[in-house]
Structure formats: C-alpha cells, structure tokens
Amino acid sequence: MGGDGKVFTLEEVSKHNHNKDCWLIISGKVYDVTKFLEDHPGGDEVLLSATAKDATDDFEDVGHSTSARAMMDEYYVGEIDMSTIPTKSKYTPPKQPHYNQDKTGEFIIKLLQFLVPLAILGLAVGIRYYTKSA
C-alpha cells in the first residue's frame, strides 16, 4: 500500500475534489485516484461526483471486479476518521392514521342494514306492479 497509515478527517479529504487532485473514501480508507481519473471506465465525472463523502455505497453498488479492487492498493493514502463522517439517518415513514378494521366493518353492517330492507321493499313493489299489469 502506498499510504503510511495516516488518518484524515472528512474536511481534509473534501479539499481533494477536482480533476487535478481527487481523493475518495471507500470502506474507511482514503484513496488518491487522481492518476486513475482518465483511465476509469465510467469516466472521471463518476469519481469526481463521489468526492467529499463516504463513497462506499457508490463503489459497492456498481459491483467492481476483483482486479479493480486489487488496483485500489496502489492508490491508498490512509484511513478516514469515521467520527468526522456524518451518520446516515434511517428512513422513518411519515405517521399515518391507524386503519381501524372494526370501524370499517361497522360501517358496512350499517349500510347493509339500510340497503337490504330497501331492496326487499323495491322487489315487493315491483312484483305487485308486475302482477297487476299482467
């Protein structure tokens, strides 16, 4: 590995965020990928967009090969002080009203208590009208 085990803060690493000086944080390690920018298969924009943050998820989501992972050793410059990286907040869905199945059941029963007698009455009137006219 090229680094001497130096520990960097996120603030220090964040200063290396352009095509003449590009550092990335991947799995708690800091890499100076400036020399690799032109050779990166995804283009230099991909690497530049991953600066100034923990790029571990970006790196893992792509699914790099074993040989790509082995190349990383040559760009290693040190470790990141993990306490300087903001923790990702866990997604909390918005509060929604509780769905009360019992209330829905009560509504359906009341609706049927109204509609069933109405349907019977309508049927009785219809039969009576039909038998008178026949």
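## Two salt bridges

Lysine 53 pairs up with aspartate 58 in a salt bridge, and their closest N and O atoms sit 2.9 Å apart. The term covers a side-chain nitrogen of Lys or Arg within 4 Å of a carboxyl oxygen of Asp or Glu. Before going on, a word on the source: this is a predicted model, where local features need pLDDT of at least 70, side-chain atom pairs count only at pLDDT 80 or more, and totals for chains, interfaces and linings use all residues. Residues are numbered from 1 along each chain as its sequence is written, and side-chain values use heavy atoms, with hydrogens and water left out.

How many salt bridges does the rule give? The count comes to two. The other pair is glutamate 60 with arginine 69, again with 2.9 Å between the closest N and O atoms. In general, side chains of opposite charge can pair when their charged atoms come close.

Glutamate 60 counts as partly exposed at 35%, and so does arginine 69 at 34%. Here buried means under 20% relative accessible area, exposed means over 50%, and partly exposed is in between (1.4 Å probe, protein chains only).

## The largest pocket

The largest pocket has a volume of about 430 Å³, taken as the space filled by probe spheres set on grid points that are joined across faces, edges and corners. A pocket, on a 1 Å grid over the protein atoms alone, is an open set of points with protein on both sides within 12 Å along at least five of seven lines, where lining residues have an atom within 4 Å of a point.

Its lining has 20 residues, and Phe36, His40, Leu47, Phe59 and His64 lie nearest the centre. At least two lining residues each come from strand E3 (21-26), helix H2 (44-48), helix H3 (56-62) and helix H4 (66-71). H3 gives the most, with three. Helices (H or I, at least four residues) and strands (E, at least two) are DSSP runs, numbered from the N terminus. By class, the lining holds 16 nonpolar, three polar and one charged residues.

## A nonpolar patch

Phe107, Ile108, Leu111, Leu112, Phe114, Leu115, Val116, Leu118, Ile120, Leu121 and Val125 make up a nonpolar surface patch, with about 1100 Å² of accessible area together. One of them, valine 116, sits in helix H5 (residues 101-133) and is partly exposed at 44%. Patch members have over 30% relative accessible area and no salt bridge, with nonpolar side chains (Val, Leu, Ile, Met, Phe, Trp, Tyr) joined within 5 Å and like charges within 9 Å.

## Loops and positive phi

Alanine 52 is partly exposed at 36%. Leucine 10 is 42 residues away from alanine 52 in sequence but 6.9 Å away in space, C-alpha to C-alpha. Leucine 10 belongs to helix H1 (residues 10-14) and is buried, at 13% relative accessibility.

Serine 27, in the loop between E3 and strand E4 (29-32), also has a positive phi, near 55 degrees.

Terms used. Accessible areas come from the Shrake-Rupley method with a 1.4 Å probe; for residues, only the protein chains shown count as cover. On a 1 Å grid over the protein atoms alone, a cavity is a set of points where a 1.4 Å probe fits but cannot get out, and a pocket is an open set with protein on both sides within 12 Å along at least five of seven lines; lining residues have an atom within 4 Å of a point. Ala, Val, Leu, Ile, Met, Phe, Trp, Tyr, Cys and Pro count as nonpolar, Asp, Glu, Lys and Arg as charged, and the others, Gly among them, as polar.
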